Amino acid sequence: MGVHEMKTCPACKNTFECKANNIAHCQCTQVVLPVKVMDTIKKSYDDCLCLACLQQLVNDAGKTKDNLRQK
């Protein structure tokens, strides 16, 4: 098992610990990413995002969906 990598989130520029070499313990497994959010990440970023930014993207996607339902 390798050493975890410190990365800078390309969205918020905060530093976080990436555990891609031990994915079961990686922060990204704490959030369920809808396909639409994964597509947005693929188009907008070249590297991993921190947990806060992942959660924000999911929350924003949910708000957009809720706004569409209300119309």
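Reader: Let us begin with a space. How much space lies in the second largest pocket?

Author: About 150 Å³. One caution before we go on: this is a predicted model.

Reader: Which residues line the second largest pocket?

Author: The lining consists of Phe16, Cys18, Cys26, Gln27, Cys28, Leu33, Met38, Ile41, Asp47, Cys48, Leu49 and Leu54. S2 and H1 are the elements that give two or more residues to it.

Reader: How many of the lining residues are nonpolar, polar and charged?

Author: Ten are nonpolar, one is polar and one is charged. Asp counts as charged, and Asp47 is in the lining.

Reader: Where is Gln27 found?

Author: In the loop between S2 and H1.

Reader: Why does Gln27 count as buried?

Author: Its relative accessibility is 14%. Buried means under 20%. The value falls under the cut-off, so Gln27 counts as buried.

Reader: What is Gln27 in contact with, leaving aside its neighbours within four places in sequence?

Author: With Phe16, Leu49, Cys50 and Leu51.

Reader: Take Leu51, then. Where is its place, and why does it count as buried?

Author: Leu51 is in helix H2. Its relative accessibility is 17%. That is under 20%, so Leu51 counts as buried. Not counting residues up to four places away in sequence, Leu51 touches Gln27, Gln30 and Val31. Leu51 and Thr29 are 22 residues apart along the chain, and their C-alpha atoms are separated by 9.1 Å.

Reader: Gln30 touches Leu51. Does Gln30 count as buried or exposed?

Author: Exposed. Its relative accessibility is 57%. Exposed means over 50%, so Gln30 is past that cut-off. Gln30 lies in the loop between S2 and H1.

Reader: Now the core. What makes a set of residues a nonpolar core?

Author: They must be buried, belong to the listed residue types, and be joined through side-chain atoms within 4.5 Å. The largest such core here has eleven residues: Cys9, Phe16, Cys18, Val31, Val37, Ile41, Leu49, Cys50, Leu51, Cys53 and Leu54.

Reader: Which elements give two or more residues to this core?

Author: Strand S2 (15–18), helix H1 (35–44) and helix H2 (51–70). The largest share, three residues, comes from H2.

Reader: Which side chains point to which face along S2?

Author: They alternate. Phe16 and Cys18 point to one face and are buried.

Reader: What do S1 and S2 form, and with how many residues between them?

Author: A hairpin, with six residues between the strands. Lys13 is in the turn.

Reader: What makes phi of Lys13 worth a remark?

Author: It is near 70°, a positive value in a residue other than glycine. Most residues other than glycine have a negative phi.

Reader: Why is Lys13 called exposed?

Author: Its relative accessible area is 56%. Exposed means over 50%, so Lys13 is exposed.

Reader: And the whole protein? In what order do its elements run from the N terminus on?

Author: They run β-β-α-α. There are two helices and two strands. Of the 71 residues, 21% count as buried. Among contacts between residues at least 6 apart in sequence, 40% join residues at least 24 apart.

Methods
Residues are numbered from 1 along each chain as its sequence is written. This is a predicted model: local features need pLDDT of at least 70, side-chain atom pairs count only at pLDDT 80 or more; totals for chains, interfaces and linings use all residues. Side-chain values use heavy atoms; hydrogens and water are left out. Buried means under 20% relative accessible area, exposed over 50%, partly exposed in between (1.4 Å probe, protein chains only). Helices (H or I, at least four residues) and strands (E, at least two) are DSSP runs, numbered from the N terminus. On a 1 Å grid over the protein atoms alone, a cavity is a set of points where a 1.4 Å probe fits but cannot get out, and a pocket is an open set with protein on both sides within 12 Å along at least five of seven lines; lining residues have an atom within 4 Å of a point. Grid points are joined across faces, edges and corners, and a volume is the space filled by probe spheres set on the points. Contact means heavy atoms within 4.5 Å. Two strands pair if DSSP finds at least two bridges between them.
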